[in-house]
Amino acid sequence: MIDLRCHLFDGTACGTEDFTESLELCRQAVQEGVRTIVAVQRWDAGQDEPSLSFNACQRKLERLQSETGAALKLKSGFVFRFHPALDKLIERYGTSVTLGGGRHVLVALPSVHTPTETEEVWEKLAKLGFSVVVAAPECS
């Protein structure tokens, strides 16, 4: 089983309280049969940089990986709040911000309405070679 959207990083919006809680989530996931987790942080609409640096994310993942061993594979990614210029961010950062370094971009749409630019942004991402995964589609 793969968990594509786990907020493991402490010190971030939607993240855990501390490293101990992050480690406990990883251990519980292994007990439940999860073998891969994509640890994501939220990237708010219109922001040019993530709230936690790429290096800080990598250090946190490496620390968790050393504690969990081979039982769990950890990857990083982001969940983007929809923004009309999302394609520019993906063009700038490429696979360093996608789910697990692949070609899928995790995007949360507004809960009240679908922006008129949505299809246009999806098409731009497709031209860049990326697919969109809508986060929590039941909320949109």
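Biologist: Which residues of α1 are buried?

Modeller: In α1 they're F19, S22, L23, C26 and A29. Buried means under 20% relative accessible area, exposed is over 50%, and partly exposed is in between, using a 1.4 Å probe and protein chains only. Keep in mind it's a predicted model: local features need pLDDT of at least 70, side-chain atom pairs count only at pLDDT 80 or more, and totals for chains, interfaces and linings use all residues. Residues are numbered from 1 along each chain as its sequence is written, and side-chain values use heavy atoms, with hydrogens and water left out.

Biologist: How do the buried ones sit around the α1 axis?

Modeller: The buried set of F19, S22, L23, C26 and A29 spans an arc of only 120°, which puts them on the same side of α1. The arc is that of the directions from the helix axis to the C-beta atoms.

Biologist: And which exposed residues are on the face turned away?

Modeller: T20 and Q31 are the exposed residues there.

Biologist: What covers the buried residues of α1?

Modeller: The cover includes β2, α2 and β3 (73–81). Contact here means heavy atoms within 4.5 Å. Helices are DSSP runs of H or I with at least four residues, strands are E runs of at least two, and numbering goes from the N terminus.

Biologist: What's going on at the ends of α1?

Modeller: At the N-terminal end, D18 is the cap, with a side-chain oxygen 3.3 Å from the backbone nitrogen of T20. Just after α1, G33 has a positive phi of about 100°.

Biologist: How many residues does α1 have, and how far does it reach?

Modeller: α1 has 13 residues and reaches 19 Å from first C-alpha to last, close to the expected 18 Å. That expected span is 1.5 Å times one less than the number of residues.

Biologist: Back to L23. Why does it count as buried?

Modeller: L23 counts as buried because its relative accessibility is 8%. Beyond its neighbours within four places in sequence, L23 is in contact with L64, E67 and T68.

Biologist: Where is T68, and how far is it from L23?

Modeller: T68 belongs to helix α2. It's 45 residues from L23 in sequence, and the two C-alphas are 7.7 Å apart in space. T68 is at 15% relative accessibility, so it counts as buried. Apart from neighbours within four places, T68 is in contact with L23, C26 and L74.

Biologist: Which residues have the most contacts inside the largest nonpolar core?

Modeller: Those are L8, F9, C26, I37, L64, L72 and L74, in a core of 17 residues. α1 (19–31), β2 (36–43) and α2 (54–68) each give at least two residues to this core. There's a second, separate core of 16 residues, and F80, I90, V107 and L125 are among them. By nonpolar core I mean a set of buried Ala, Val, Leu, Ile, Met, Phe, Trp, Tyr and Cys residues joined through side-chain atoms within 4.5 Å. In soluble globular proteins, nonpolar side chains tend to be buried together.

Biologist: What is L8 in contact with?

Modeller: Leaving out neighbours within four places in sequence, L8 is in contact with T16, S22, L25, C26, I37, A39, V40, L64 and L74.

Biologist: Which residues of α4 are buried?

Modeller: T118, V121, W122 and L125 are the buried ones in α4. Seen down the axis they fall within an arc of 100°, so they line one face of the helix. The face of α4 turned away from that side has E119 and K127, both exposed. Covering the buried residues of α4 are elements including α3 (86–93), β4 and β5 (131–135).

Biologist: Which residue just after α4 takes a positive phi?

Modeller: G129, at about 95°.

Biologist: Zooming out, in what order do the elements run?

Modeller: From the N terminus it's β-α-β-α-β-α-β-α-β. The radius of gyration is 15 Å, close to the 14 Å from the globule rule for 140 residues, so the chain is as compact as a globular protein of that length. The radius is taken over C-alpha atoms, and the rule is 2.2 Å times the number of residues to the power 0.38. Of the 140 residues in the chain, 39% are buried.

Notes. A polar contact is a pair of N or O atoms within 3.5 Å; within protein, one must be able to donate a hydrogen and the other to accept it, and residues adjacent in sequence count only if both atoms are side-chain atoms.
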